[in-house]
Amino acid sequence: MKRITVVLLLAAVWSTAAMAADKDDARVAMAQAQAAVQAAENADAGTAASTEMRAARDNLTAAQGASERRNWDAAVLSAQKAAADANLASARARQKRATSATNEIEASLDSLRQQLGQQGS
């Protein structure tokens, strides 16, 4: 019975240690989040997906604050949220551009169809 308890205790400690982030993990996560936010800003996601960009910036600020407090787990988590929000904002910006381009093409096709219809009459 003691052996099972020791094994379970060691497993719990090992899994907790595996989840604990350190300063390097936080730095990497924050660098990735900053890159994702910058890429989203370059993709004009601030206009196309302002809510997601605001969330990305807020989470990045939270990650920086947690890092300053040396709360590495919170810094990593907030940085990961920031990166996810920035990636979502980028995707929404791409979607908006694609929808706009599709609408322009459809309008051009409608115009061509009308011209062809008038010529055939």
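1. Helix H2 spans residues 23-42 in this predicted model. Its 20 residues reach 28 Å from the first C-alpha to the last, close to the 28 Å expected at 1.5 Å a residue.

2. The buried residues of H2 are Ala26, Ala29, Met30, Ala33, Ala36, Val37 and Ala40. They cover an arc of only 125 degrees around the axis, so they lie on the same side of H2. On the other side of H2, the exposed residues include Arg27, Gln32 and Asn42.

3. Helix H5 covers residues 72-120, and Ile105 has its place there. Ile105 is exposed, because its relative accessible area of 52% is over the 50% cut-off.

4. Asp85 is another residue of helix H5. Is Asp85 buried or exposed? Asp85 counts as buried, because its relative accessibility is 18%, and the cut-off for buried is under 20%.

5. Which residues does Asp85 touch, leaving aside those up to four places away in sequence? The contacts of Asp85 are Glu52, Ala55, Ala56 and Asn59. Met53 is 32 residues from Asp85 along the chain, yet the C-alpha atoms of Asp85 and Met53 are separated by 6.7 Å.

How values were computed. Residues numbered from 1 in each chain as written. Predicted model: local features only at pLDDT ≥ 70, side-chain atom pairs only at ≥ 80, totals over all residues. Heavy atoms only, no water. Helix = DSSP H or I, 4+ residues; strand = E, 2+ residues; numbered from the N terminus. Buried < 20%, exposed > 50% of the residue type's maximum accessible area, 1.4 Å probe, protein only. Contact = heavy atoms within 4.5 Å. Expected span 1.5 Å × (residues − 1). Arc of directions from axis to C-beta.
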